[in-house]
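Dear colleague,

I am passing on a structure that I would like you to look over before you set anything up with it. The sequence and coordinates come directly below, and my notes come after them.

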Amino acid sequence: MPRTARHQGCGSPEHAISRRAFLGSASGLLLGGSGGLNMLGSPLLAEQMKRDQKRALLIFLSGGASQFETWDPKPGRHTGGPFQTIQTSIPGCHICELLPEIATRVHRHTAIIRSVDAANTDHDAGARVVLRGARLGNDGVKYPTLGAMLARELMQADSRVPDHVALYTAEVGLTINAQPDAAGFLGSRYDPINILSRLAPEGTRLPEALTDLDHQERGQLRDLLSKEFLKGRERDGTAASHSAAYSRVRGLMSCETLFDISQEPDRVRARYGPTLFGQQALVARRLLEAGVPFVRLNRGWWDSHGENFDIHAEMVPELDHVMSVLLDDLEERGLLQNTLVMTFSEMGRTPDINTMRGRDHFPRLSATLTGCGIRPGVVYGKTNENGTDIAEGRVTVPQLFATIFKALGIDHQKEYTANDGRPIALTNAGARPVKEVLA
Amino acid sequence: MAAADPNTIKQVKTLKMPGDLLSVARVPGGDVLFVGNDWGKIYRVDWSGDKPETKELIGHTSYVSGLVLAGKHIVSGSWDRKLIWWDAETHQQVRTVENAHRKWIRHVAVAPDGKTVASVGDDMVGRLWDAVAGKLLHELQGHDEKTPQHFRSKLYTCVFSPDGQHLATGDHLGRILIWAVATGKQVAAVEAPSFYHWDFGRNNHSAGGVRCLAFTADGKRIAAGGIENRDVAIIQGTPLVQVFDWQKGQKTHEFKVGKDYVFESLRFQHEGAWLVGAGGGGAAAPKLVFFDLEQKKVVVEVALTIPLHAMTLNETSDVVYGAGRGYLVRWDLKR
Amino acid sequence: MKSSVCLVSLMLASSFLFAGAPLAAGELLPADRSIPEVIDHYLDLKLKHAGAVPAAQADDATLVRRLMLDLGGRIPTVREAKAYVESTDPQKRRQLAERLLTSQEYVAHSATEFDIMLRAGNDRAPSVRDYLLVALKENRPWDQMFREMMGEKADSTRPENFVLGRLEDVDALTREVSSVFFGINISCAQCHRHPYVKSLTQDSYFGMRAFFSRSYEFQGQLLEKEFGIPAQYKSKNGAVREVGLLFLTGAEVAQPSPNVPDLPKAIQEENKRIEELRKNFAKAKELPPRAAFGFRAQLVDVALRPENRELFARSIVNRLWYRFYGHGLVMRVDQMHAQNAPSHAELLDWLARDLISHSYDLRRLVRGLVDSRAYARSSRWDGSRPPAVDLFAVANLRPLTPMQYGTSQLLASNPDLLTVEQSPEQLQAQSQRLESEAQKWYGKFIEVPQEGMVINVNEALRLSNDAAMLKLLGEKLVPRLMKLEGRGQQISTAVWTVLSRAPTEKEAELLSAYIDKRQDRPQQALQQMVWALLNCSEFRFNH
């Protein structure tokens with residue numbers, strides 16, 4: 001029986017097509033096609049889905065990118081470093097000269113926040129703060145990450161694609177990157193598919209030694225054996241997650257083409273460039289386009305205790321280019337209005353420049369929000385002259401989260417039930433969205 | 001006359017200065033120096049009397065990374081992409097070349113006769129300039145703009161040979177190119193890949209580079225300094241000096257001294273008796289190190305309390321001037 | 001390298017309340033009772049209060065697998081499992097535990113487990129496994145091991161690497177020592193007072209950090225300087241505070257005042273002297289003098305003093321309890337502070353007292369932990385709603401560690417690796433080979449278990465589809481099954497080899513039908529069956 005779509009479109013009858021109906025009519029699509037919405041039989045359906053489903057992409061600059069060398073430069077100050085600034089397309093707004101491409105685009109869909117307070121200077125703890133809304137879990141609650149919450153809120157109940165994918169440029173599975181237990185009490189369905197230093201999860205291809213049917217039945221045999229064992233034993237999330245992991249194998253194999261950028265025209269691949277981050281960004285775009293509600297694209301490691309300026313001279317232009325191409329591409333495909341693209345780090349970097357020409361850990365940082373629900377061209381918050389503290393418009397992490405939820409049309413005060421039965425709101429009590437950056 | 005003996009080195013004075021000193025040029029015949037810092041300032045320091053006298057030269061807006069005395073002029077280069085000619089006596093700006101490079105200028109060198117000035121920058125081009133007229137003589141194009149991993153490369157340093165016929169330029173990937181100054185043509189290339197480190201899997205960015213160069217007195221060999229990097233987030237690794245017969249492209253010497261700092265300047269004793277390298281930033285305390293090429297050994301290591309970003313010698317190579325974080329330092333050597 | 005800027009404004013507290021309730025010896029069961037007896041006494045007491053009935057005892061096949069995994073680090077071979085199940089000796093459980101506790105496999109497995117524990121989830125932390133192999137083989141007392149890892153004296157097995165390998169990040173060293181040895185994670189207090197534990201102030205953090213402030217590396221050796229400036233930090237209100245040597249219980253360690261007229265000069269001279277010795281070391285081989293007053297030695301002394309040592313004892317008891325029971329008496333194991341009460345306070349106190357009075361004998365403690373009725377309970381709960389996890393009424397499923405999982409899958413895939421015909425030396429060599437193969441194949445993608453662990457889909461994908469992995473799974477077992485006569489034999493052998501028990505009737509039917517359906521490809525049929533057994537939930541856990 002067809003149901004109404006979760007997110008209503010314009011409300012006209014031809015758009016009231018359920019996602020299930022769509023999947024039913026296009027179920028072979030993900031197996032064979034070149035993936036994504038281009039291949040949908042009906043352009044109307046594709047359009048419908050594009051309009052309806054909201055999505056989010058977090059470009060996480062792990063290790064702590066410098067706010068000075070990106071969004072909040074301090075030219076001519078002793079804390080400013082060697083780089084010059086450039087005028088952006090927002091009148092009066094200058095950013096670091098390392099971001100020339102994004103500088104011409106910020107007015108279109110982007111808000112810059114220069115006053116985020118992470119209140120933390122440690123990578124792991126900082127990642128807990130900025131990825132879990134400053135909820136450290138010392139109270140025994142297994143708090144979900146922003147990504148898991150967005151996956152939960154934006155997912156389609158009968159989706160054939162993963163709900164949460166995290167791509168990372170490094171292969172080191174640091175907790176900050178791989179985020180074990182990202183879903184917390186939401187359950188492992190919302191845990192990310194982690195892809196480290198590659199473009200696709202390992203093992204999504206049918207092994208040569210098996211026919212597809214044997215592969216399927218072998219899995220069913222495993223399930224039956226496990227089911228018998230788990231009777232009276234499935235008391236915690238770990239046992240459930242083991243079953244859940246195997247149950248997702250075939251679904252992911254059917255999505256394999258989503259991760260395959262060789263299916264993109266050369267022109268598109270050339271645009272994203274040859275670096276791993278650029279290629280992963282293209283994978284991210286394919287995933288978003290196919291309806292994956294939350295993708296985390298991790299670029300690291302920005303931890304520039306030494307040679308801060310050389311490191312940023314190398315890494316920021318790549319960010320500039322990849323982010324610009326990604327935003328353009330999403331816009332051209334009509335996806336940006338329903339996709340929120342966020343950039344931030346677990347912390348910022350110090351105003352002081354150390355003896356290694358480096359910058360150390362600093363609790364203040366800048367963030368950007370682009371696309372869905374965002375008022376374009378806003379620069380919110382200020383740091384002081386030397387960037388040593390926030391001067392105006394402090395944004396705490398719970399406020400940032402509330403803003404993100406609001407931009408995506410999600411009630412940030414909505415309550416979940418935690419593992420211990422407690423009601424837990426999406427963001428900490430009292431956190432209000434920053435309305436100035438919202439459309 | 002015997003060459004000054006590094007074993008007799010003694011620190012004789014220090015002078016506290018604002019900012020990080022990144023470049024230094026000495027006026028022949030005395031204790032007068034010009035230094036450039038990370039705040040875009042140049043200072044003339046008369047250090048001969050009991051009380052040092054300093055004068056400020058204002059013109060740059062970013063790191064003054066190169067500074068030379070060329071005839072009657074001081075020529076300075078900066079991360080603001082400008083080259084400025086100053087009158088060495090009056091300190092007035094004589095000429096400003098805006099956008100002398102399309103990216104940050106990393107170093108400036110002067111030919112021994114003072115007639116030609118070279119500059120290098122992250123546009124990966126070396127430029128030769130008429131020191132008097134300020135005219136661009138040659139553009140030296142040959143360094144790769146991108147690293148093998150498709151990131152922008154960097155061109156850190158340059159130096160003239162003692163006879164003024166050649167210029168050497170050194171980049172991020174450890175490539176050293178030798179150019180004929182008269183024609184601007186590349187005449188040789190030396191590969192020193194130990195200076196480049198691409199960290200895949202953890203940091204996903206690179207570190208390293210040939211940070212400083214010096215020709216031997218006979219001009220036949222070139223010494224390169226930097227670090228063999230281990231951790232690209234913190235400057236950790238083995239400080240490295242390699243010497244090459246650049247005509248044959250062969251490595252003749254390798255020195256690894258201490259750990260966790262970068263050699264940022266190298267100078268040969270004017271007759272070639274020894275080579276001195278100054279350590280700059282790093283996770284550990286840097287050193288000033290004297291090398292004997294003939295014996296292939298380190299003669300003396302001096303522990304430094306600040307990183308040195310630039311260094312120069314006097315005419316007789318018995319005085320060493322170091323410029324670094326917040327200080328100028330002078331050492332004397334005995335003959 | 002870490003900046004400690006923190007601007008949350010909170011008052012500094014001055015009192016310390018870590019130790020929890022003091023040991024009230026009079027209220028505890030007498031010291032001469034056995035460990036298992038005491039465990040069961042206290043657990044039963046609480047179960048009674050809660051009106052809960054515990055699960056039945058696990059069957060023999062489950063128990064031999066559980067003991068082998070816990071004490072030997074791998075599943076039993078078929079021969080070992082059957083021998084145990086078939087034995088009618090009433091002492092067989094204790095005998096098996098005893099045999100394992102004195103085996104080399106126990107030493108190797110414990111070393112792996114302790115090494116993981118000591119690394120505290122820090123992927124940059126050094127391994128001290130070489131040391132652990134020697135120390136655990138000799139069953140060195142835990143307090144002595146602590147002394148050695150704090151670098152009491154140099155040793156060829158390098159216990160001091162625990163500290164040496166962390167000197168580049170003294171903050172991590174401080175955090176991890178506090179967490180691993182004393183059960184208290186003080187990282188919050190680096191920047192501000194702990195939000196929940198009032199007694200944890202920035203002083204606690206920097207006071208602990210001060211114990212490592214003089215440590216430095218010299219030619220690969222861990223030394224300490226004689227002179228140094230007092231530890232200082234910038235508190236949240238911006239004021240600079242000085243702090244001395246301060247243990248987590250609030251115990252202060254007095255330092256002799258530096259007997260020099262000019263301290264900065266003395267510091268400078270000492271540094272200069274060290275630099276000179278470093279430079280001339282190749283020739284002179286001379287070490288800098290030992291500091292007369294060692295800060296790390298002071299940490300060991302103050303931590304092990306009778307009035308403070310409960311923290312140390314309770315932490316290791318709780319961590320070992322967590323390892324063998326799948327849930328700590330205090331959860332989390334690094335949050336053992338007064339605001340986080342143990343589920344069985346008397347039991348924890350008794351076990352800590354027992355450990356102290358038996359010279360921190362770890363093997364004795366482990367022997368006791370695995371000998372209780374509670375340890376041997378079934379993991380299956382057939383009632384409606386399972387009792388709370390901290391009642392320990394039913395055994396927990398514990399995900400295997402990468403090493404347990406790896407060695408077990410490899411052993412099941414190649415059942416002749418360990419046989420009784422081998423000499424002890426051959427056995428040891430084979431075990432080592434198994435370990436290194438397991439590390440190679442499984443070390444990277446099987447995650448180290450942690451509280452609330454989620455098994456990621458990447459693991460299932462790799463095990464399901466990776467060609468090399470599939471070749472490995474059942475590599476020697478399948479050809480052996482092929483040679484067996486009769487389907488029943490094949491199924492029975494496969495289930496015994498992988499799951500260490502006989503197949504149930506239902507399973508036998510299920511597996512038989514699966515093979516029947518593939519008569520045209522019998523080897524593939526067996527291969528797939530073995531894969532399903534090796535990948536089922538029962539194999540993934542110590543149940």
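The notes below begin with conventions and confidence, and then take the chains in turn.

Residues are numbered from 1 along each chain as its sequence is written, while chains are lettered from A and ligands numbered from 1 in the order in which they are written. Please keep in mind that this is a predicted model, in which local features need pLDDT of at least 70 and side-chain atom pairs count only at pLDDT 80 or more, whereas totals for chains, interfaces and linings use all residues.

On confidence, chain A averages a pLDDT of 86, and 85% of its residues score at least 70; pLDDT is the predictor's confidence in each residue, from 0 to 100. Residues 1–41 of chain A have a pLDDT below 50, although this stretch has 63 contacts in the model beyond near neighbours in sequence, a contact being two residues whose C-beta atoms, placed from the backbone, lie within 7 Å. Where pLDDT is low, the predicted coordinates should not be read in detail.

Chain A is divided into domain 1 (28–204 + 255–437) and domain 2 (207–254), with bounds that come from an automatic or database domain assignment. The centres of these two domains of chain A, taken over C-alpha atoms, are separated by 32 Å. Their contact takes 12 residues from domain 1 and eight residues from domain 2, and the domain 1 side divides into six nonpolar, three polar and three charged residues. In these classes Ala, Val, Leu, Ile, Met, Phe, Trp, Tyr, Cys and Pro count as nonpolar, Asp, Glu, Lys and Arg as charged, and the others, Gly among them, as polar.

Helix α15 (residues 397–407) of chain A is largely enclosed by the rest of the structure, because 10 of its 11 residues are buried. Here a residue is buried if 20 or more other C-beta atoms lie within 10 Å of its own, exposed if 12 or fewer, and partly exposed in between, with C-beta atoms placed from the backbone; helices (H or I, at least four residues) and strands (E, at least two) are DSSP runs, numbered from the N terminus. Among the buried residues of α15(A) are A:L400, A:F401, A:I404 and A:F405, and what covers the buried residues includes β4 (110–117), α6 (123–131) and β8 (339–344) of chain A. Just after α15(A), A:G409 takes a positive phi of about 75°.

Between chains, 49 residues of chain C are in contact with 51 residues of chain A. The largest share of the chain C side, eight residues, comes from α18(C), and by class that side has 24 nonpolar, 14 polar and 11 charged residues.

In chain B, strand β1 (residues 5–27) pairs in the antiparallel sense with strand β28 (residues 319–334) over eight bridges, where two strands pair if DSSP finds at least two bridges between them. B:Q11 has B:W331 in β28(B) as its bridge partner. β1(B) also pairs in the antiparallel sense with strand β2 (residues 32–37) of chain B, over six bridges, and in the hairpin of β1(B) and β2(B), which has four residues between the strands, B:G29 takes a positive phi near 90°.

An open sheet of four strands in chain B has the order β9-β10-β11-β12, with antiparallel pairing, and its edge strands are β9 (105–110) and β12 (136–141). Within this chain, β10 (residues 116–121) and β11 (residues 125–130) pair over five bridges, with B:V117 opposite B:W129 in β11(B).

With best regards
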